[in-house]
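Hello,

Here is the structure I promised to hand over. Please open it first; my notes follow.

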Amino acid sequence: MPQSNLPFDLSTIAAPMVNQSDLPFRILVRRYDTSLVYTQMLLPERLLNDREYLEYHRRGLRDAPDAPVVVQLCGNDPETVVRAAKTVVDRADAIGARVDLNLGCPQDAAREGHYGGYLLDKKDWPLVESIVSALSHTLPVPISCKLRLCQNASDTPTLGARLEAAGASWLALHARHVCARRRRQGAADLAQVRALKAAVGVPVVSNGNVRAWEDVGRNRAETGADGVMVGETLLGNPCLFANITPDPVKISLEYLDICREHPDTATIQTIQTHVRHFVDHQCGRRPWYNKFRATLGKCESLEEIERLLRVRVQRWRGLEPLDVDDGDEEGDESGEEEDARRRGEEIVGDADVLVEGFATMGILS
């Protein structure tokens, strides 16, 4: 299917990321020129057998601000993958979502479960083709595949052509080999993306080697790809595709506001991780950054995270607090004063111990 016939834009895509492709983050990046977003990789067995897991991830598909969104699945059994896809495709139709088969996950769990990037061996190609074919003939939405390089990289275009023949509407290639321990060892081999593009008639998306805005155009020019997919770099700068470097505190507060608008679609741990990435992107080398990480990790609510950002992080940056109530500001000051008092007591206590020890040894008279 040519890209012109697809009902959405593949040019700038947020990659699927474990525990980081939550609804609030998808909405955030869509605000800043990301044309298409993915859910995290969903496990078919849990969609089918874990009601809480299913309800949580369907909840993340209920709203339209992030549409279109690709629902990414993994698996090694055609019937199970199709049944799992049917549990979310009704929500997907409502918001224009799409379904994707993961053929690139390099994690240990994928190796043990024999899915993701561990289905790239030639002996598994017929199985992969049967999964893609079953999905494309059963579901009313386009099917895509995200993959890594085959062990013999020159085999990747051949696999791509077979996936196209099986019914894939587009392919996304992360041009590195599968490695559970060192997932991003070395640069992605973008020449392999160009080779895949030359071998198939469906759109090809390039994933890898984007660290800054300039890399987006460079990647597309080097590969001839129809779009560029970015993962970890977007975690630090969700405004990458808009060529904007946001203020870390303000973009964190914007994300927190979205979390409030869409409750129970991101865990507090996921929210903490996103905020940490936003701040780390520009402030990771500041002397106060480790204190920030430790304090963030102790926050138990959105309100505590917001107060940390508006008051303490602003002060650490040498800036005025942002729109805080006097009570909040005074509370933060008293907390910092208490920390300082305790540190002073510890220093005095340590000094007393040293003096007592020196006196015992006759060093002091």
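The buried residues of helix α1 pack against β1 (12–14), β2 (36–38), β3 (69–73), α10 (232–236), α11 (248–261) and α12 (268–283). Buried means under 20% relative accessible area, with a 1.4 Å probe and protein chains only. Contact means heavy atoms within 4.5 Å. Helices (H or I, at least four residues) and strands (E, at least two) are DSSP runs, numbered from the N terminus.

The model is predicted: local features need pLDDT of at least 70, side-chain atom pairs count only at pLDDT 80 or more, and totals for chains, interfaces and linings use all residues. Residues are numbered from 1 along each chain as its sequence is written, and side-chain values use heavy atoms, leaving out hydrogens and water.

Back to α1, residues 23–31. Seven of its nine residues are buried. They are Leu23, Pro24, Phe25, Arg26, Ile27, Leu28 and Val29. Asp33 follows α1 and has a positive phi, near 70°.

Next, a helix pair. Helix α7 (residues 156–166) and helix α8 (residues 190–199) pack at about 40°, with axes 9 Å apart. Axes are lines fitted to C-alpha atoms over the stretch in contact, and angles run from 0 to 180 degrees between N-to-C directions. From α7, Thr156, Pro157, Gly160 and Ala161 make the contact; from α8, Ala195, Leu196 and Ala199 do.

Now the whole chain. The protein chain has 15 helices and eight strands. Of its 365 residues, 51% count as buried. Among contacts with a separation of 6 or more, 69% join residues 24 or more positions apart.

Best wishes

Notes:
Buried < 20%, exposed > 50% of the residue type's maximum accessible area, 1.4 Å probe, protein only.
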